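Subject: Structure for your study

Dear colleague,

Please find below the structure that I am handing over to you. I would ask you to keep it open while you read the notes that come after it.

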Amino acid sequence: MAALIERLFPICRSITGPGVVETLEIIRQEIPVTIHRIASGTQIFDWTVPQEWSIRDAYVKDEKGNRIIDFKASNLHVVNYSRPIRATLPLNALKLHLHTDPAHPAWIPYRTTYYKADWGFCLSQNALEAMSEGTYEVLIDSTLSDGELLWGECFIPGTTTDEIVISTHICHPSLANDNLSGIAVCVELAKLLMAAQRRYSVRLLFIPGTIGSIAWLSTNRERLSCIRHGLIAVNLGDPGMLHYKKSRHETAEIDRVVEHVLKSAGQPHSIMAFAPYGYDERQFSSPGINLPFGCLSRTPYGRFAEYHTSADNLDFIKPEALAHSLNTYASVLETLDRNRAFLNLSPMCEPQLGKRGLYDAVGGKSDTKIRQMALLWVLNYSDGRHDLLDIATKSGLAFDLIADAADLLIGHDLLAPAQRT
């Protein structure tokens, strides 16, 4: 994952343009990804697909011709999506278009102007204070023109058409945690999922933030009824603990499963209520869509000092954090895949397990008694109303023990899947 992040880091991405194209092509070298396109000017719900933005160079030169702000040194120096400009300006006029982060005077902030025709530069507060009075040559060699908005999809079919959607954004320039960590974890997760047959189909979306999810939802309305669970994968490489922002439903299966996985891991974590602000969960959870989408991240947006600054760099993300995030996502999907409600096919009193060899099947192990109890818990609560996660919670037994017990009972014709309601 670290190698992929390092490869993607230098690319100047935005919501449209060559940076997105290059990023998707690199992802497609790792996993099978279908690239989808929608033309600028297309109406998507209340939004319009924006023009393509490309940039070749940008700088601010002092009177001696020195590049004191240089896009080629850091793509964060240009306000993302800036319109083109070539001018010579006095410092007081130029300052109206300069952005700094005084709280962290050595860092370059990241700013955008997606939906306002404007231009600007970002620089450290220290660099700003070093600028003297005088005139400055300003150039942003960018283009805004009709083109396409792109996104990528990696679809991994399961044995059913029921889908889990995991979405990550691909629109930030050189920011390692807020952007590239989500991409890297999703790519590795896709590789894991493709290695085994699963019940759920899984669709991984690599999309520009906000406008990408709106475009996807607008053009995939017929698919929404197949989506059972969703997660937004962001900020997965920083050293902070895992946070889960619940879906708008609050008690959806995805909410219960993520909480269970985080609690079972026995490590510090935080569960947060849904709020209509943040990442793309707010689009998938808008009232007209209302899909059960949560956001599973490490430190949430805006809560780490490095957020949207040049300090969110390759040194900020940690390999062990990426690996932990990947394992957690894999556990969540594994639990979702195994979790379902069943019907006890012999509900009139307790079935005789001994004559079916079921006590023998779990005997001789160090946890024989617990496995026998798991059989009884599953049989008792398999009434079509309680799923395996409910039973694990009620019994206090590990989910895998309960799921293993269910598999054993199915193999002895004592259990059958309940119809989903």
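This is a predicted model: local features need pLDDT of at least 70, side-chain atom pairs count only at pLDDT 80 or more; totals for chains, interfaces and linings use all residues.

The four-stranded sheet

I begin with an open sheet of 4 strands, whose order is S5-S4-S9-S6 and whose pairing is antiparallel. On average, neighbouring strands here are turned by 15° against each other, direction ignored.

Within this sheet, strand S4 covers residues 52–61 and strand S9 covers residues 135–145, and the two are joined in the antiparallel sense over 9 bridges. To find this pairing in the model, you may look for Trp53, which stands opposite Leu144 in S9.

The three-stranded sheet

Another open sheet has 3 strands in the order S18-S17-S19, and its pairing is antiparallel. Its edges are strand S18 (383–387) and strand S19 (415–417); because each has a single partner strand, one side of each is left without a neighbour in the sheet. The twist from one strand to the next averages 40°.

Strand S17 (residues 341–344) is joined to S18 by 2 bridges, and these strands run antiparallel. Ala341 stands opposite Asp387 in S18, while the bridge partner of Leu343 in S18 is Asp383. With S19, S17 pairs in the antiparallel sense over 3 bridges. There, Asn344 stands opposite Leu415 in S19.

Helix H9 and its contacts

Which residues of the two helices meet? From H7 they are Glu253, Ile254, Val257, Val258, Val261 and Leu262, and from H9 they are Thr328, Ser331, Val332, Thr335 and Leu336. By class, the residues of the contact of H7 with H9 divide into 7 nonpolar, 3 polar and 1 charged.

H5 passes H9 in a right-handed crossing. On the side of H5, the contact is made by Ser181, Val185, Glu188, Leu189, Leu192 and Leu193; on the side of H9, by Leu322, Ser325, Leu326, Tyr329, Ala330 and Leu333. The contact of H5 with H9 has 9 nonpolar, 2 polar and 1 charged residues.

Helices H12 and H13

How are helix H12 and helix H13 packed? Helix H12 spans residues 388–395 and helix H13 spans residues 399–411; the angle between them is about 125°, with their axes 9 Å apart. That makes H12 oblique to H13. Their crossing, that of H12 and H13, is right-handed. Leu388, Leu389, Ile391, Ala392 and Ser395 in H12 are in contact with Phe399, Ile402, Ala403 and Ala406 in H13. The residues of the contact of H12 with H13 comprise 8 nonpolar, 1 polar and no charged.

An aromatic pair

The structure holds 13 aromatic pairs. One of them is formed by Tyr279 and Tyr301, whose rings have their centres 5.7 Å apart and their planes at 80°, so the pair is edge-to-face. The step from the angle to that name rests on a cut-off, because planes over 60 degrees apart count as edge-to-face. Where do the two residues, Tyr279 and Tyr301, lie? Tyr279 is in the loop between strand S15 (269–272) and helix H8 (281–284), and Tyr301 is in the loop between strand S16 (293–297) and H9, so the pair ties together parts that are 22 residues apart in sequence.

With kind regards,

A colleague

Technical notes: Residues are numbered from 1 along each chain as its sequence is written. Side-chain values use heavy atoms; hydrogens and water are left out. Two strands pair if DSSP finds at least two bridges between them. Axes are lines fitted to C-alpha atoms, for helices over the stretch in contact, and angles run from 0 to 180 degrees between N-to-C directions. Contact means heavy atoms within 4.5 Å. Ala, Val, Leu, Ile, Met, Phe, Trp, Tyr, Cys and Pro count as nonpolar, Asp, Glu, Lys and Arg as charged, and the others, Gly among them, as polar. Rings of Phe, Tyr and Trp (its six-membered ring) pair if their centres lie within 6.5 Å; planes under 30 degrees apart count as stacked, over 60 as edge-to-face and the rest as tilted. A crossing is left-handed if the near helix is turned anticlockwise from the far one by less than a right angle, and right-handed if clockwise. Angles under 35 degrees count as roughly parallel, over 145 as roughly antiparallel, 65 to 115 as roughly perpendicular and the rest as oblique.
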